[in-house]
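Take a look at the protein below.

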Amino acid sequence: MTGWDGTEVRARIREMAARDPERARFGADTHRYELRPALPGAEIGAFEEEHGIRLPANYRAFVAEVGDGPAGPAHGLLPLATPRPEAGEDWAVDGEWEEDRLPGRLATPFPLTDPRPGAIGVLVAEELTPGTLTLAEEGCGMYVRLIVTGPHAGEVWWLDPDWGGFVPAYPDFRTWYTRWLGTAA
């Protein structure tokens with residue numbers, strides 16, 4: 001299944017916000033349980049054409065049918081085509097977001113065939129992220145990334161250069177996002 005029921009997702013996010021008025025849940029103070037409007041198909045297509053990729057179907061559908069972030073896991077789902085409104089506040093994730101959009105980076109084949117658990121260091125991590133799109137920041141240099149090229153395309157991997165390495169976390173975007181929503185994939 002690739003489509004999303006945007007009305008249902010937005011209702012679920014409103015319920016989550018109502019149960020967390022103090023925004024005590026991890027990341028809620030950043031994403032504030034808010035969703036930007038969904039992106040028109042033409043804008044998504046232009047992004048794909050510019051970067052020489054085809055976004056994984058369930059992520060593409062989410063951005064087109066539900067919204068372009070930020071309500072989501074960790075500190076929130078990063079937007080696809082335009083920077084976060086707060087960009088420039090010296091968050092490392094903004095640098096990751098910009099690097100992902102460098103010419104040719106997303107179209108470059110994802111270099112890993114197997115997970116890289118354990119400490120890998122920041123420089124090695126940078127060499128391993130072509131062909132991936134940062135979805136969210138978890139803090140302390142840890143990121144959730146969507147693989148967009150190669151045999152692992154569509155999978156969500158977790159990047160922790162200091163301790164955890166670069167390893168698969170979820171089979172796809174839908175599983176990652178619906179787990180945060182507290183609903184079944």
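## Loops and cores

A74 sits in the loop between α4 and α5. This is a predicted model. A74 is not a glycine, yet its phi is positive, at about 55°. With a relative accessible area of 10%, A74 is buried, because buried means under 20%.

R32 lies in the loop between α2 (28-31) and α3. R32 also has a positive phi, near 55°, and is a residue other than glycine. R32 counts as partly exposed, at 38% relative accessibility.

| Residue | Phi | Relative accessible area |
|---|---|---|
| A74 | about 55° | 10% |
| R32 | near 55° | 38% |

The loop between α4 and α5 (92-100) also holds P70. The peptide bond from G69 to P70 is cis, and its omega is near -5°.

Now for the cores. In soluble globular proteins, nonpolar side chains tend to be buried together. The largest nonpolar core here has 33 residues. Those with the most contacts inside this core are L55, Y59, L80, L135, F173, W176 and Y177. At least two core residues come from each of α1 (6-19), α3 (41-51), α4 (57-65), β2 (132-139), β3 (142-147) and α7 (173-181). The largest share, five residues, is supplied by α7.

What does L135 touch, not counting residues up to four places away in sequence? Its contacts include Y59, F173 and W176. Among the others are G76, L77, L78, V144 and V156.

A second core is separate and has 13 residues, including L112, A125, I147 and F166.

Notes. Residues are numbered from 1 along each chain as its sequence is written. This is a predicted model: local features need pLDDT of at least 70, side-chain atom pairs count only at pLDDT 80 or more; totals for chains, interfaces and linings use all residues. Side-chain values use heavy atoms; hydrogens and water are left out. A nonpolar core is a set of buried Ala, Val, Leu, Ile, Met, Phe, Trp, Tyr and Cys residues joined through side-chain atoms within 4.5 Å. Buried means under 20% relative accessible area, exposed over 50%, partly exposed in between (1.4 Å probe, protein chains only). Helices (H or I, at least four residues) and strands (E, at least two) are DSSP runs, numbered from the N terminus. Contact means heavy atoms within 4.5 Å.
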